[in-house]
Amino acid sequence: MTHAEAPWRHARAGLDDSERSNEPIDPTVMKEYFSRLRMSPAEAVSAAVGNARLEGYELSASTAKQLGRIATGESSADDIVREILARYHH
């Protein structure tokens, strides 16, 4: 598990990456996180949209479509970010 993955970040909520912690990683959080890695692209997008809602964000249909392109491998995350930035740069 890396420091960038959700279960580690969840266990260390509020702590800087350099701070030590003995907080255990919740097995339920790990199970949910790793089960998502086996989802179909449609399931992954649905889960991402649902998680965003839980965090107080409402994703547009076009954003969900972009996530779908990433999930299917049609586009990379870098490609999508480049497209978004190009809209604001012109």
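1. Axes here are lines fitted to C-alpha atoms, for helices over the stretch in contact, and angles run from 0 to 180 degrees between N-to-C directions. Helices (H or I, at least four residues) are DSSP runs, numbered from the N terminus. The model is predicted, with local features needing pLDDT of at least 70 and side-chain atom pairs counted only at pLDDT 80 or more, while totals for chains, interfaces and linings use all residues. Residues are numbered from 1 along each chain as its sequence is written, and side-chain values use heavy atoms, with hydrogens and water left out.

2. Helix α4 (residues 61–72) packs with helix α5 (residues 77–89) at an angle of about 150°, and their axes are 9 Å apart. The two helices are therefore roughly antiparallel to each other, a term applied to angles over 145 degrees. On the α4 side the contact (heavy atoms within 4.5 Å) involves Gln 66, Arg 69 and Ile 70, which meet Ala 77, Ile 80, Glu 83, Ile 84 and Arg 87 of α5. By class, this contact has 4 nonpolar, 1 polar and 3 charged residues. In that scheme Ala, Val, Leu, Ile, Met, Phe, Trp, Tyr, Cys and Pro count as nonpolar, Asp, Glu, Lys and Arg as charged, and the others, Gly among them, as polar.

3. Helix α3 (residues 41–54) has 14 residues, and its first and last C-alpha atoms are 20 Å apart, close to the 20 Å expected at 1.5 Å a residue. The expected span is 1.5 Å times one less than the number of residues. Val 45, Ala 47, Val 49 and Ala 52 are the buried residues of α3. Buried means under 20% relative accessible area, exposed over 50%, and partly exposed in between (1.4 Å probe, protein chains only). These buried residues pack against α2 (27–36) and α4. Just after α3, Gly 56 has a positive phi of about 90°.

4. The structure holds 4 salt bridges, each defined as a side-chain nitrogen of Lys or Arg within 4 Å of a carboxyl oxygen of Asp or Glu. One of them joins the side chains of Arg 53 and Glu 58 (3.0 Å, N to O). Arg 53 is partly exposed at 48% relative accessibility, and Glu 58 is exposed, with a relative accessible area of 58%.

5. Another salt bridge pairs Arg 82 with Asp 79 (2.9 Å, N to O). The two residues are 3 apart in helix α5 and therefore separated by about one helical turn. Arg 82 is exposed, with a relative accessible area of 54%, whereas Asp 79 is partly exposed, at 30%. Salt bridges that share partners also join Arg 69, Glu 74 and Glu 83 into one network. Within it, the side chains of Arg 69 and Glu 74 meet at 3.8 Å, N to O, and Glu 74 counts as exposed at 58% relative accessibility.

6. Thr 63 is found in helix α4 and is partly exposed, with a relative accessible area of 27%. Arg 87 lies in helix α5 and is exposed, with a relative accessible area of 55%. Arg 87 and Val 49 are 38 residues apart in sequence and 22 Å apart in space, C-alpha to C-alpha.

How values were computed:
Angles under 35 degrees count as roughly parallel, over 145 as roughly antiparallel, 65 to 115 as roughly perpendicular and the rest as oblique.
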